[in-house]
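Trainee: I have a model open and would like to learn how to read it. Please take one feature at a time.

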Amino acid sequence: MLAAASVARTAGSDAAPAWIRVEVSNEPEAKTATRIVEGVIRAEAVDGGLLLEQRDGRLDLFQPGVVLARDPIPPPAALETPRDVGRRVLGELPSGFDLLVTKHYVVCFDTSRQYAQWAASLFERLHDAFTNFWARAGCDVRPPDRPLIVVIFSDRRRYEDHATRDLGAATDRVVGYYNMLSNRVTTFDLTGVDAVKADLQTRGQPSPDLLARPEAAGLVATLIHEGTHQLAFNCGLHQRLAPVPVWVCEGVATYFEAPDLASSRGWRAIGLVNQPRRDQFLRLTDRGWLEPLLRDDEAFRRPDAATDAYARAWAVTSFLIKTRKQDFVNYLAVLAKKCPCEADSEQRRIEEFTAAFGRPDAAMEQAVAAFVVRMR
Ligand SMILES: [Zn+2]
């Protein structure tokens, strides 16, 4: 999951959304190279910084000095059809991509149609499972108001070329990702991944069924994980660029991602024991980790600490969902109200957590650990 690298202060995030057309320079110094962007103001900084949401859901963060002119415009008369949305995405991709439109998704792919259909059915099942789960828990989730975009490359190299812009050097570790600004999930044909390919060579015809095999479980988990982020930010669980603690975003995604090897499609159920995360959590022996995990997002950004932080986020979230579900739903409702670019502080995070669940002290940390040990 990607967030903006830096966010300006907000002036009035509760102001009514207004459509504007802005002329922006691509670089603050080179004012000759400009482009026009239309969208709704999501946040505005006192120093002139602007967060704009375009019609397709893409967020653009313009630093002060980049916006050369701005004019109010009327809102667009008609909504785009999913096919219109897809065609526009195709225009941004290399040649050779095709479109698959399903109930909630627009999939742009240059893989076989069969693979794209498999991926789309996985995401559709996730969509239904995700919205049912939270609605039944009493969460105020709503269906996404626009199609969710998924881009699938057939070839890992082309995917990496495309993804490098978003991910930088981390691309080789990531088989798919959700970008909070573009609001898209991007991935590539996982049947081309080495572990799966070795198996393919002995079996002949490539088939998405291969992805139900244990060696592919981690790959399917990644797709579900990234698809869960996309849903959480589009169904009202959280708002993009709002100060939602990373442990919550990642806790929810890891809670959903657990592969279900009994299912022929590789994923079916929610909240199964996530064995890889559980194993990782049980390997950790240091104490005093809970409060720092809740206080800031630091551990998730450090390569040497991120895996541990994900395992702990999964443990805390599972503990709270299974033992304090109503409190967790109420806490999510507090987070859902946070606006893009809203101010945040370590103190506020701890206060909000404490108001929902009590103090994150040694006793709570021990309760989480004991819960994970007991899990089957
Ligand atoms: Zn994630």
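Mentor: A residue counts as buried if 20 or more other C-beta atoms lie within 10 Å of its own, as exposed if 12 or fewer do, and as partly exposed in between, with C-beta atoms placed from the backbone. This is a predicted model, in which local features need pLDDT of at least 70 and side-chain atom pairs count only at pLDDT 80 or more, while totals for chains, interfaces and linings use all residues. Residues are numbered from 1 along each chain as its sequence is written.

Trainee: Where is the place of G57?

Mentor: G57 sits in the loop between β3 and β4. Helices (H or I, at least four residues) and strands (E, at least two) are DSSP runs, numbered from the N terminus.

Trainee: With which residues is G57 in contact, leaving aside its neighbours within four places in sequence?

Mentor: Two residues are in contact if their C-beta atoms, placed from the backbone, lie within 7 Å. By that rule, and with those neighbours left aside, G57 is in contact with R146 and N183. G57 and N183 are 126 residues apart along the chain, yet their C-alpha atoms are separated by 6.5 Å.

Trainee: How much confidence does the predictor place in the protein, as mean pLDDT?

Mentor: pLDDT is the predictor's confidence in each residue, from 0 to 100. The mean for the protein is 85, and 83% of its residues reach 70 or more. Over residues 1-13 the pLDDT is below 50, and this stretch has 37 contacts in the model beyond near neighbours in sequence. Where pLDDT is low, the predicted coordinates should not be read in detail.

Trainee: In what order do the 5 strands of the open sheet stand?

Mentor: Strands of a sheet pair through backbone hydrogen bonds, either parallel or antiparallel. Two strands pair if DSSP finds at least two bridges between them. Here the order is β4-β3-β2-β1-β5, with antiparallel pairing. β4 (59-62) and β5 (67-72) stand at the edges, each with a single partner strand, so one side of each has no neighbour in the sheet. From one strand to the next, the twist averages 40 degrees.

Trainee: Which bridges hold β1 in its place in that order?

Mentor: Strand β1 (residues 19-25) pairs with strand β2 (residues 34-44) in the antiparallel sense over 7 bridges, and I20 has G39 as its bridge partner in β2. β1 also pairs with β5, again in the antiparallel sense, over 5 bridges; there V22 has R70 as its partner. Towards β4, strand β3 (residues 50-53) makes 4 antiparallel bridges, with L51 opposite L61.

Trainee: How many residues of strand β10 are buried?

Mentor: Strand β10 (residues 184-188) is mostly covered, with 5 of its 5 residues buried. R184, T186 and F188 point one way, V185 and T187 the other. β10 runs parallel to strand β8 (residues 148-153), joined by 5 bridges, and I149 stands opposite R184. With strand β9 (residues 176-179), β10 pairs in the antiparallel sense over 4 bridges. In the hairpin of β9 and β10, which has 4 residues between the strands, N183 takes a positive phi near 65 degrees.

Trainee: At what angle do the axes of helices α2 and α5 cross?

Mentor: Axes are lines fitted to C-alpha atoms, for helices over the stretch in contact, and angles run from 0 to 180 degrees between N-to-C directions. The axes of α2 (residues 113-136) and α5 (residues 217-234) cross at roughly 50 degrees and come within 10 Å. That makes α2 oblique to α5; angles under 35 degrees count as roughly parallel, over 145 as roughly antiparallel, 65 to 115 as roughly perpendicular and the rest as oblique. Residues that meet there include A119, L122 and F123 in α2, and L223 and I224 in α5.
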